[in-house]
Amino acid sequence: MNVLAKAADLEASAPAGAYVQEVTSVQHYTDNLFKFRMTRPESFRFRSGEFVMIGLMIDGKPLYRAYSIASPSWDEELEFFSIKVPDGPLTQYLQQIKPGDAVLMKKKSTGTLVHDALIPGKRVYMFSTGTGFAPFASLIRDPETYEKFDQVIVTHTCREVSELKYGLDLVEATKNDPLIGEMAQAQLVHYASVTREDYPFKGRITDLIANGKLFDDLGVPRLDPAIDRGMICGSMEMLKDTKDLLEKAGLTEGANNKPAEFVVERAFVG
Ligand SMILES: Cc1cc2nc3c(=O)[nH]c(=O)nc-3n(C[C@H](O)[C@H](O)[C@H](O)COP(=O)(O)OP(=O)(O)OC[C@H]3O[C@@H](n4cnc5c(N)ncnc54)[C@H](O)[C@@H]3O)c2cc1C
């Protein structure tokens, strides 16, 4: 079934409460990962790190899924980093999009991986697995991140080395960016690790936190609630295990209405 429509053709019949946006670029990384960028509605405001519902018209009806916005709030386009689930109701079609195609987006964004949910600190850790890197792709391109924290450590763990490419490319581009490059060069540290192949950093992030290897590799002290803040995005299991480790180190979980020392958000349901 071909469900992809050109943005110009769908605009007149946009579903209620949704924007129709146009894909501007697509890059495939592996059989299960791709990124795409699309136009941003002029009236659409969001906080770096938030997620939004995006979708396609399938069988004449809109089908939406939650997606972290991977671009920062100042970017004139919107970027997303996506999984390709074989037979996934949305991504079996979304993975086929090309520049010019239409993507639907609901008008309100939300989320807990935002600066407002953290109290001030010196160092922020952003722990991610798989597409859980997406909200941090937004936050590490936001100048506020570097104004609020002296050091920004983003960890990205995947099964295979090829799955790290989006993050590796993005961090390099961020360090060369005219707006934030200087801050990122001085303050941003990217710690990429894989679980199923040989790589300089190997293993589950929870094991690397628990056995202290992460901190030894980075040359920083162990977690300290007076200094360190955390943001976590991954599978339910990764969230739970990482959250337990942060709590054991004395950090407490925060939310938009009750900022504290760390925040969590799942990268997918299931
Ligand atoms: C708050 C939030 C933010 C999200 N942000 C993103 C994002 O930035 N990028 C993204 O690709 N997805 C993200 N997701 C997941 C997304 O909403 C969809 O689940 C995904 O696009 C697959 O849609 P689908 O309809 O093809 O399959 P679904 O029916 O939604 O999922 C089928 C199964 O695939 C697996 N799965 C789904 N998404 C993922 C994933 N991202 N990584 C690994 N396994 C997965 C799960 O086991 C799930 O049960 C987010 C989910 C939530 C709740």
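This is a predicted model: local features need pLDDT of at least 70, side-chain atom pairs count only at pLDDT 80 or more; totals for chains, interfaces and linings use all residues.
**Ground rules.** I number residues from 1 along each chain as its sequence is written.

**Domains.** I began with the division of the chain into domain 1 (7–106) and domain 2 (115–266), with bounds that come from an automatic or database domain assignment. I found their centres, taken over C-alpha atoms, 25 Å apart. Next I looked up the contacts: 16 residues of domain 1 meet 13 residues of domain 2, where contact means C-beta atoms, placed from the backbone, within 7 Å. On the domain 1 side, strand 1 (18–30), strand 2 (33–39) and strand 5 each give two or more residues. My classes take Ala, Val, Leu, Ile, Met, Phe, Trp, Tyr, Cys and Pro as nonpolar, Asp, Glu, Lys and Arg as charged, and the others, Gly among them, as polar. Helices (H or I, at least four residues) and strands (E, at least two) are DSSP runs, numbered from the N terminus.

**Strand 5.** Five of the seven residues of strand 5 are buried, that is, they have 20 or more other C-beta atoms within 10 Å of their own C-beta, placed from the backbone; exposed residues have 12 or fewer, and partly exposed ones lie in between. Strand 5 pairs with strand 2 in the antiparallel sense over seven bridges; DSSP must find at least two for a pair. I noted Ser82 of strand 5 as the bridge partner of Phe34.

**Ligand shell.** Which residues come nearest to the ligand? Of the 23 around it, I list Gly88, Leu90, Thr91, Phe268 and Gly270; a residue is near if its C-beta atom, placed from the backbone, lies within 6 Å. Strand 4 (61–68), strand 5 (77–83) and strand 11 (262–266) each supply at least two. By class I have 13 nonpolar, seven polar and three charged.

**Helix 5.** Last, I checked residues 165–175 and found Tyr166, Gly167, Leu170, Val171 and Thr174 buried. Down the axis of helix 5 these fall within an arc of 120°, so they line one face; I take the arc from the directions from the helix axis to the C-beta atoms. The face turned away from that buried side carries Glu172 and Ala173, both exposed.

Notes
Two residues are in contact if their C-beta atoms, placed from the backbone, lie within 7 Å.
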